[in-house]
Structures are given as structure tokens and as C-alpha cells.
Amino acid sequence: MILDPRFPSFVGSIGLEVEGSGVLRLRGTYQPPGGHLGNVVDGLFLHKAAEATALDLLRDIRARLVADEETASTSVVENR
């Protein structure tokens, strides 16, 4: 796969561990755009934007999982 060097790249996975209260994990590697200069700029401040984006993604997934769980629970109660 050839990636466009003008954009960051991320390779990873999202996992849900359902024991206990459940843990949603995002694991992977991130490569900022721009080669060496991009790595320097990322080290100074852009990594915070990447982390914030990842946290937003996990929060969105969690919210949808919780909403789906509430919908499923409501359906079971209504069908009794």
C-alpha cells in the first residue's frame, strides 16, 4: 500500500475487553507527514492533536456501544 506523504498514517486495532466493566483499547503506530521535519513538528505539538483525535474516536465508539446496549435492554423489556 502506498500512502500519501502529505497526510499522517495510522496502523492499528481497536479492541474491547468485556470482563468487568469493559475496556476499549486503541493500539497502533502513528507516522506524521513530512519526514524528518514532520517528526520534529509532531514532537513539539502535533502529537497532542493526534492523541485528541484518538480519544474522540474512542469516546464516540463508547457512546454508541452504550446507546446500543440501552436500546437492546429496552427492547427486551418491551417484548416481555
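Colleague: What volume does the largest pocket have?

Modeller: This is a predicted model, in which local features need pLDDT of at least 70, side-chain atom pairs count only at pLDDT 80 or more, and totals for chains, interfaces and linings use all residues. Residues are numbered from 1 along each chain as its sequence is written, and side-chain values use heavy atoms, with hydrogens and water left out. A pocket is an open set of points on a 1 Å grid over the protein atoms alone, where a 1.4 Å probe fits and protein lies on both sides within 12 Å along at least five of seven lines. With grid points joined across faces, edges and corners, and volume taken as the space filled by probe spheres set on the points, the largest pocket has a volume of about 250 Å³.

Colleague: Which element gives the largest share of the lining of the largest pocket?

Modeller: Lining residues have an atom within 4 Å of a point, and here they are Pro8, Phe10, Leu26, Tyr30, Asp42, His47, Ala50, Glu51, Thr53, Ala54 and Leu57. Helices (H or I, at least four residues) and strands (E, at least two) are DSSP runs, numbered from the N terminus. Strand E2 (23-31) and helix H1 (35-78) each supply at least two residues of this lining. The largest share, 7 residues, comes from H1.

Colleague: How do the residues of that lining divide into nonpolar, polar and charged?

Modeller: Ala, Val, Leu, Ile, Met, Phe, Trp, Tyr, Cys and Pro count as nonpolar, Asp, Glu, Lys and Arg as charged, and the others, Gly among them, as polar. On that basis the lining of the largest pocket divides into 7 nonpolar, 2 polar and 2 charged.

Colleague: How many residues does H1 give to the lining of the second largest pocket?

Modeller: The second largest pocket has a volume of about 190 Å³. Its lining is made of Leu16, Ser21, Gly22, Val23, Leu24, Leu58, Arg62, Leu65 and Val66, with E2 and H1 as the elements that give two or more residues. By class there are 6 nonpolar, 2 polar and 1 charged residues. The largest share comes from H1, with 4 residues.

Colleague: What pattern does the protein follow along the sequence?

Modeller: The protein has 1 helix and 2 strands. Read along the sequence, they give β-β-α.

Colleague: What percentage of the residues in the protein is buried?

Modeller: Buried means under 20% relative accessible area, exposed over 50%, and partly exposed in between (1.4 Å probe, protein chains only). Of the 80 residues in the protein, the buried share is 6%.

Colleague: Is arginine 59 buried or exposed?

Modeller: Arginine 59 forms a salt bridge with aspartate 56, the closest N and O atoms being 3.7 Å apart. Both lie in helix H1, 3 residues apart, about one turn of the helix. Aspartate 56 has 43% relative accessibility and therefore counts as partly exposed. Arginine 59 has 53%, so this residue counts as exposed.

Colleague: What area does the nonpolar surface patch made by Leu37, Val40, Leu44, Phe45 and Leu46 have?

Modeller: Such patches join nonpolar side chains (Val, Leu, Ile, Met, Phe, Trp, Tyr) within 5 Å, from residues with over 30% relative accessible area and no salt bridge. Valine 40, in helix H1, is partly exposed at 39% relative accessibility. With accessible areas from the Shrake-Rupley method and a 1.4 Å probe, the patch comes to about 500 Å².

Colleague: How far apart are the C-alpha atoms of threonine 29 and phenylalanine 10?

Modeller: Threonine 29 is in strand E2 and counts as exposed because its relative accessibility is 54%. Along the chain, threonine 29 and phenylalanine 10 are 19 residues apart, while their C-alpha atoms are separated by 5.7 Å.

Key: Patch = residues over 30% accessible without salt bridge, like charges linked within 9 Å, V, L, I, M, F, W, Y side chains within 5 Å. Salt bridge = Lys/Arg side-chain N within 4 Å of Asp/Glu carboxyl O.
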